[in-house]
Every structure is written in C-alpha cells, then in structure tokens.
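Here are my notes on the packing and strand pairing. Have the structure open while you go through them.

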Amino acid sequence: MTNSLTHQPVPLVFSEEVREALHEGRPVVALESNVITHGLPYPDNAATARKVEEAVRAGGAVPATVAVEGGRIVVGMTDADIDRFASTPGIPKVSSRDMPVVLAQGGMGALTVASSLVAAELAGIPFFSSAGIGGVHRGAERTMDVSSDLIQFTRSKVAVVCAGAKKILDLGLTLEYLETQCVPVVSYRSDDFPAFYCTSSGFRSPLRLDDDEVIARSIEHHWALGNNSSFLITTPVRPEDAIDSDEVDAAIGEAMRAAERDGVRGQAITKYLMRAVDRATEGRSAKANMAVLVSTAEVGGRLAAAHAAYRKGLRG
C-alpha cells in the first residue's frame, strides 16, 4: 500500500498580456527579476529591466519577468511591479532552494536563474533568457562550489538562452558537468562556448546550430525522448560590444591572487572578482553587461517565436 500526499499548488499570478499569450499559444520568454534588485541603482535598474523586455518584444515574443510576492509567484511583472521592486531596498535574492520559505513568509523575492526556471515551468513557459548562467567555480575540487543553476538545469523542462557563463568560473568543468548530466549545449551561429561579455571562453561548443527551426525541433525532440531537463542555447555578445578575453583573464588572475592574500573566499569571491574586472576595464565591462542582457533577450524572443510556430505546425 502506497501513501501518496497531495500538495496545495503554489498560486501563480499572471499579467493579462502573459496570460493571453499563453492561452493563444504565442511565444513567451521568462526573465529573472534578480537583475532589477541586485544590479544598478534606482531608477537605472528599472530602465534596464524595461530595455530587456523590449528586446524580447523585438525578437517577436512576450516578456514575462518573474518574481515572488505575497506568497505567490508573479508571472509577468507590470510597470508598477518593476518600479516597486527597483525602488525597494533589501529585497532578497531567491534561488530555487529558498523559494518555499520566501513563499511561506509572504515577502518579496527576486528570482535568480535557478528559481526562474522553476517559475517558468510551473507557468507553462518553455523559454527563459539570461545574460549568463552560473557554473562550476574555480577551485571547486576543494570547495565543492557549484552553482545551483547547473543542478536546476537537470530538473526543469525549459529552453535556456544565454551568453554562456562568466570567465571567473571554471568553464571547462562547467561544460564537463553539463555533459555528465546530459544537458544539451548548443551554440547559436557560433563555434565556441561564449563567456558572458567575451565572445569565446576558449572552449569549443559541443554543438552548433544556425537554423531557428532546427533548434525548435531539437528542443521538442529532447523532451519527447523523455528528458525532464533544460536545453541550453548560447549566443555570443556582438563583437562590437565584447570585452577582450585576454584582458579579462589578466584581471581575473591578479584578482585571484589578491583574494587568496586577503582571505576572500566562499560566496564573497564572485563579487570580489567581478569588481576587479570592472576596475581593470575602467567600467567598460558594466556597459558590456547591459549589451549582453539585451542581445540574449532578443535572440531568446526570436527562438521562442520559432519554437511556438513549430508547435503550432505540429497541432495543424
């Protein structure tokens, strides 16, 4: 005899635009709210969120920025929502492991890549766009520091469009982990796995696809084969917006030595290294960061539109 438990579903609150788009089978792209609360100061953070949403629209899809508030998952933040999150200090960054507690407490929470995937799948949104994903951190063989993004990719049936991962990570081990977990990694119109605002990580991508419909078919085949995992699509930043890879590597190497000397470790190391790169590039990396957010969102919108058209064709 089995004892099965039923769980009360988490309430989802859809914006009218997102609800109508999903009902009609039109393309929707989920976006993380963490970039609003843990990026630029107000009002630049709100303006950035709107630029990213506009880029999704330019690609042919409807944006759905996701967050948690009042014990509910918000799917498609309104302008008022974006302004409130952008101007409210102290909103916590909520990863997938934190979601149940923050929902139970009823507070506001900004979703990361991992938690956005949870929200997107619950909402029935098959596409998510992010500037960059987390990965295996340098020195992970000693620290076991592996981003929850990689774990969530193995659990959420969502196509993820990104510009790879930041060079402060161990990108070789990140690719090895994704291969071990059977998460497809496809580079869109590029031979290399990109590194956020660097066009290449120095590693070749496992697969390259140039055709939007072939990508759409590949995503559907991945799930039709019984996989309950994500499908990762990388797109490099435009060359005119990129930061030189050697310049970033030099800054990271120097910052790693300084961090070791100053005893910086654990979660603090990521912000430490990113700030070091910002200083070394004299602020150019911040501008490139914005360019990556916009370019990946536009590609995400375009690929989501191709995927929606392919699904519509299957239904006849």
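1. Strand β9 (residues 185–188) is covered on both faces: Val185 and Ser187 are buried on one side, Val186 and Tyr188 on the other. Strands here are DSSP E runs of at least two residues, helices H or I runs of at least four, numbered from the N terminus. Buried means under 20% relative accessible area (1.4 Å probe, protein chains only), exposed over 50%, partly exposed in between.

2. A word on provenance: this is a predicted model, with local features needing pLDDT of at least 70 and side-chain atom pairs pLDDT 80 or more, while totals for chains, interfaces and linings use all residues. Residues are numbered from 1 along each chain as its sequence is written, and side-chain values use heavy atoms, without hydrogens and water.

3. β9 pairs in the parallel sense with strand β13 (residues 231–234) over 3 bridges, where Val186 has Ile233 as its bridge partner. Pairing requires at least two DSSP bridges between the strands.

4. Ile233 turns up again in the largest nonpolar core, which has 84 residues. Such a core is a set of buried Ala, Val, Leu, Ile, Met, Phe, Trp, Tyr and Cys residues joined through side-chain atoms within 4.5 Å. Phe127, Phe153, Tyr197, Leu232 and Ile233 touch the most other members. Helix α13 (residues 284–315) gives the most, 8 residues.

5. Leaving out residues up to four places away in sequence, Phe127 touches Ile233, Leu303 and His307, among others; contact means heavy atoms within 4.5 Å.
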